[in-house]
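Here are my notes on the model you sent over. Have it open while you read, and go through the points in order.

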Amino acid sequence: MATASAAALGHPSLSLSLPFPQATGSPFALTTLTDPHRAGAPRTEPRRGLGAADGAVPDGTTVADDGVPGVANLDPDLRAALRGAAEQAAVDGVRLLVNSGWRSRDYQAGLLRDAIATYGSGAEAARWVADPDTSAHVSGDAVDVGPAAAATWLADHGGAYGLCRTYANEPWHFELRTDASEGGCPSSYADAAHDPRSRR
Ligand SMILES: [Zn+2]
């Protein structure tokens with residue numbers, strides 16, 4: 001459905017689907033409605049020629065899937081924290097999946113190109129997709145979780161594992177904040193464009 005929307009917007013070559021907030025009001029709702037397996041995160045389907053080796057993550061991937069580069073190349077501390085959280089989430093009846101983790105620079109650059117095509121400007125795209133030079137996904141320091149129930153669970157309980165939501169507009173995106181387990185998570189940035197790291 002999102003791909004059809006992209007074609008309708010005049011981007012037939014768009015090979016991955018990004019949220020369309022201007023069309024729907026909520027990318028979270030869009031993915032929840034259209035793709036229950038990946039609800040809660042923008043779909044990051046493999047671009048042409050860019051597969052698992054560049055960070056594309058198969059459906060159903062968990063933090064235990066070491067054979068998936070998008071998981072294996074995450075920072076070890078982040079991966080360990082996610083595994084601890086995923087175990088507790090499972091106890092609570094919530095399955096925590098990885099929709100995206102580590103990404104190669106090429107993969108991130110492709111996401112950014114497509115976001116600029118989708119949103120019509122670099123400034124708007126920067127609210128959703130970071131530059132390869134500053135992306136926490138490229139450095140292995142960020143994970144997009146799903147489905148929506150898992151993102152909600154992690155927002156409620158992740159602080160104890162040092163896992164914090166980074167951006168208010170991306171409820172699925174978590175990073176490790178090592179001081180969070182004592183003082184709780186810092187407040188989220190409104191979006192990636194408000195992240196001071198995006199301007200370094
Ligand atoms: Zn993310």
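1. Start at Gly120, the residue that follows H6: its phi is positive, near 90°. (Helices here are DSSP runs of H or I with at least four residues, strands are runs of E with at least two, and both are numbered from the N terminus.) Bear in mind that this is a predicted model, where local features need pLDDT of at least 70 and side-chain atom pairs count only at pLDDT 80 or more, while totals for chains, interfaces and linings use all residues. Residues are numbered from 1 along each chain as its sequence is written.

2. Which residues of H6 are buried? They are Tyr107, Gln108, Gly110, Leu111, Asp114, Ala115, Thr118 and Tyr119. (Buried means 20 or more other C-beta atoms within 10 Å of the residue's own, exposed means 12 or fewer, and partly exposed is in between; C-beta atoms are placed from the backbone.) These residues sit on the same side of H6, because they cover an arc of only 155° around the axis. That arc is taken from the directions from the helix axis to the C-beta atoms. An α-helix has 3.6 residues a turn, so residues three or four places apart point the same way.

3. Zooming out, the protein chain has nine helices and four strands. Of its 200 residues, 44% are buried.

4. The strands form an open sheet in the order E1-E2-E4-E3, paired antiparallel. (Two strands pair if DSSP finds at least two bridges between them.) E1 and E3 are the edge strands, each pairing on one side only. In the antiparallel pair E2 and E4 there are three bridges, and Asp144 stands opposite His173 in E4.

5. Next, the largest nonpolar core, with 42 residues; Ala85, Leu96, Val145, Leu154 and Leu163 touch the most other members. (Such a core is a set of buried Ala, Val, Leu, Ile, Met, Phe, Trp, Tyr and Cys residues joined through C-beta atoms within 7 Å.) H5 gives the largest share, six residues.

6. Finally, look at Ala85. Setting aside neighbours within four places in sequence, Ala85 is in contact with Leu96, Leu154, His157, Gly158, Tyr161 and Leu163. (Contact means that the C-beta atoms, placed from the backbone, lie within 7 Å.)

Note on methods. Contact = placed C-beta atoms within 7 Å.
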